[in-house]
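Please load the model in your viewer and keep a selection panel open beside it. The tour below goes from one selection to the next and says what is found at each stop.

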Amino acid sequence: VYKRQSLLNFIKSGTASARKLNRAHILLLADEGKTDLEIAEALHTGSATAQRIRKRFVEGNLEFRISIT
């Protein structure tokens with residue numbers, strides 16, 4: 001819940017790059033149970049991108065904060 005709220009606050013801040021915002025949106029949609037294909041369609045990106053971002057996050061290579069600093 002804390003991480004989700006932090007991601008939502010990050011998105012609403014309006015100061016992040018498009019890439020960081022897209023990563024945050026991918027993680028939020030994945031948290032809602034969306035598949036990679038559903039995420040890709042919703043964000044107009046590739047399903048491989050959604051899969052890669054989720055995988056990096058789970059493996060710890062993409063830190064939670066997505067450079068939210």
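**Before selecting anything**

This is a predicted model, in which local features need pLDDT of at least 70 and side-chain atom pairs count only at pLDDT 80 or more, while totals for chains, interfaces and linings use all residues. Residues are numbered from 1 along each chain as its sequence is written, and side-chain values use heavy atoms, with hydrogens and water left out.

**The whole chain**

Show the chain as a cartoon: its secondary structure comes to four helices and zero strands, in the order α-α-α-α along the sequence. Here helices (H or I, at least four residues) and strands (E, at least two) are DSSP runs, numbered from the N terminus. Of the 69 residues in the chain, 22% are buried; buried means under 20% relative accessible area, exposed over 50%, and partly exposed in between, with a 1.4 Å probe and protein chains only. Among the contacts in the chain with a separation of 6 or more, 40% come from residues 24 or more positions apart, where contact means heavy atoms within 4.5 Å.

**Helix 1, at R4**

Select R4, which lies in helix 1 (residues 2-13) and is partly exposed, with a relative accessible area of 26%. Beyond its neighbours within four places in sequence, R4 is in contact with L28, D31 and E32.

**Helix 2 against helix 3**

Next select helix 2 (residues 18-31) together with helix 3: their axes come within 10 Å and cross at roughly 135 degrees. The axes are lines fitted to C-alpha atoms, for helices over the stretch in contact, and angles run from 0 to 180 degrees between N-to-C directions. That angle makes helix 2 oblique to helix 3, on a scale where angles under 35 degrees count as roughly parallel, over 145 as roughly antiparallel, 65 to 115 as roughly perpendicular and the rest as oblique. The crossing of helix 2 and helix 3 is right-handed; a crossing is called right-handed if the near helix is turned clockwise from the far one by less than a right angle, and left-handed if anticlockwise.

To see the contact itself, show the side chains of N22, H25, I26, L29 and A30 in helix 2 and of I39, A42 and L43 in helix 3. By class, this contact of helix 2 with helix 3 has six nonpolar, two polar and no charged residues, with Ala, Val, Leu, Ile, Met, Phe, Trp, Tyr, Cys and Pro counted as nonpolar, Asp, Glu, Lys and Arg as charged, and the others, Gly among them, as polar.

In the loop between helix 2 and helix 3, select K34, which at 39% relative accessibility counts as partly exposed. Apart from its neighbours within four places in sequence, K34 is in contact with L29 and I39.

**Helix 2 against helix 4**

Now show helix 2 with helix 4, which pack at an angle of about 80 degrees with their axes 10 Å apart, so that helix 2 is roughly perpendicular to helix 4.

**Helix 3 against helix 4**

Helix 3 and helix 4 pack at about 115 degrees, with their axes 8 Å apart, and helix 3 passes helix 4 in a right-handed crossing. Here D36, L37, I39 and A40 in helix 3 meet S47, A50, Q51 and R54 in helix 4, a contact whose residues divide into four nonpolar, two polar and two charged.

Which residue forms a salt bridge with D36? Select R54, whose closest N and O atoms to those of D36 are 2.6 Å apart; a salt bridge is a side-chain nitrogen of Lys or Arg within 4 Å of a carboxyl oxygen of Asp or Glu, and by this rule the count comes to one. R54 lies in helix 4 (residues 47-59) and D36 in helix 3 (residues 36-43), so the pair ties together parts that are 18 residues apart in sequence. At 30% relative accessibility R54 counts as partly exposed, whereas D36, at 15%, counts as buried.

**Last stop, H44**

Finally, select H44 in the loop between helix 3 and helix 4, which at 74% relative accessibility counts as exposed. Phi of H44 is near 55 degrees, a positive value in a residue other than glycine. Most residues other than glycine have a negative phi.
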